[in-house]
Amino acid sequence: MKVCPNCGKDVMEDYDSCFHCGAKLQLNSETYVVDHGDHLREVGLVFLLIAFFFPLIGLIVAMMIKRNHPLLARNMFLVITVSVVFYAVMTAIIGFFIAV
Ligand SMILES: [Zn+2]
């Protein structure tokens, strides 16, 4: 939800003018925050994929971004844990079939 800078009432995201007072709506700080959040989510997904396929690189990246993006870093640690368990189980299963 955006807030009209002219009258302060809530307006729809995709409207380019306020339907309460008719003021033109430009990119305000709130819209910027929303865009920034979406951008971070996309980057976050890439980081989580890296963490899954390259746990060691993911671990280094997570350590680096921990200070600025604690939530993303925590998700990465979670994904790394899951991927390590996943690879351990896969290795065990493959090892079992090779042994048999
Ligand atoms: Zn307005």
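Here is a quick briefing on the predicted model shown above. It is a predicted model, with pLDDT of at least 70 needed for local features and 80 or more for side-chain atom pairs to count, while totals for chains, interfaces and linings use all residues. Residue numbers start from 1 along each chain, following the sequence as written. The protein has 3 helices and 2 strands, and from the N terminus they come in the order β-β-α-α-α. Helices (H or I, at least four residues) and strands (E, at least two) are DSSP runs, numbered from the N terminus.

**Confidence**

- Mean pLDDT (the predictor's confidence in each residue, from 0 to 100) is 81 for the protein, and 83% of its residues get to 70 or more.
- Among the elements, H1 has the lowest confidence, with a mean of 66, and H3 has the highest, at 93.
- Over residues 28-36 pLDDT stays under 50, and the model has 6 contacts beyond four places in sequence for them. Two residues count as in contact if their C-beta atoms, placed from the backbone, lie within 7 Å.

**Burial and overall contacts**

- Buried takes 20 or more other C-beta atoms within 10 Å of the residue's own, exposed means 12 or fewer, and partly exposed is in between, with C-beta atoms placed from the backbone.
- Looking at contacts between residues at least 6 apart in sequence, 29% join residues at least 24 apart.

**The core**

- The largest nonpolar core has 7 residues: Phe47, Ala51, Ala62, Leu72, Met76, Val79 and Ile80. At least two of its residues come from each of helix H1 (29-53) and helix H3 (70-99), and H3 gives the largest share, with 4 residues.
- A nonpolar core here is a set of buried Ala, Val, Leu, Ile, Met, Phe, Trp, Tyr and Cys residues joined through C-beta atoms within 7 Å.
- As general background, nonpolar side chains tend to be buried together in soluble globular proteins.
- Leu72 touches Gly44, Phe47 and Ile65, if you skip residues up to four places away in sequence.

- In helix H2 (residues 55-65), Pro55, Gly58 and Ala62 are the buried residues. They sit on the same side of H2 because they cover an arc of only 55 degrees around the axis; the arc is that of the directions from the helix axis to the C-beta atoms.
- The face of H2 turned away from that buried side carries exposed Leu56, Ile60, Met63 and Met64.
- In H3, the buried residues are Leu72, Met76, Val79 and Ile80.
- H3 has 30 residues, which at 1.5 Å a residue should span 44 Å, and its end C-alpha atoms are 43 Å apart, so the two agree. The expected span is 1.5 Å times one less than the number of residues in the helix.

**The N-terminal strands and loops**

- Cys18 is in the loop between strand S2 (10-11) and H1, and it counts as buried because 21 other C-beta atoms lie within 10 Å.
- Setting aside neighbours within four places in sequence, Cys18 is in contact with Cys4, Asn6, Cys7, Val11, Ala23 and Leu25. The C-alpha atoms of Cys18 and Lys2 are separated by 9.8 Å, with the two residues 16 apart along the chain.
- Lys9 belongs to the loop between strand S1 (2-3) and S2, and it is exposed, with 12 other C-beta atoms within 10 Å.
- Beyond neighbours within four places in sequence, Lys9 is in contact with Cys4 and His20. Lys9 and His20 are 11 residues apart in sequence, and 7.4 Å apart in space from C-alpha to C-alpha.
- Glu13 also lies in the loop between S2 and H1, and it is exposed, with 10 other C-beta atoms within 10 Å. C-alpha to C-alpha, Glu13 and Val3 are 9.1 Å apart in space and 10 residues apart in sequence.
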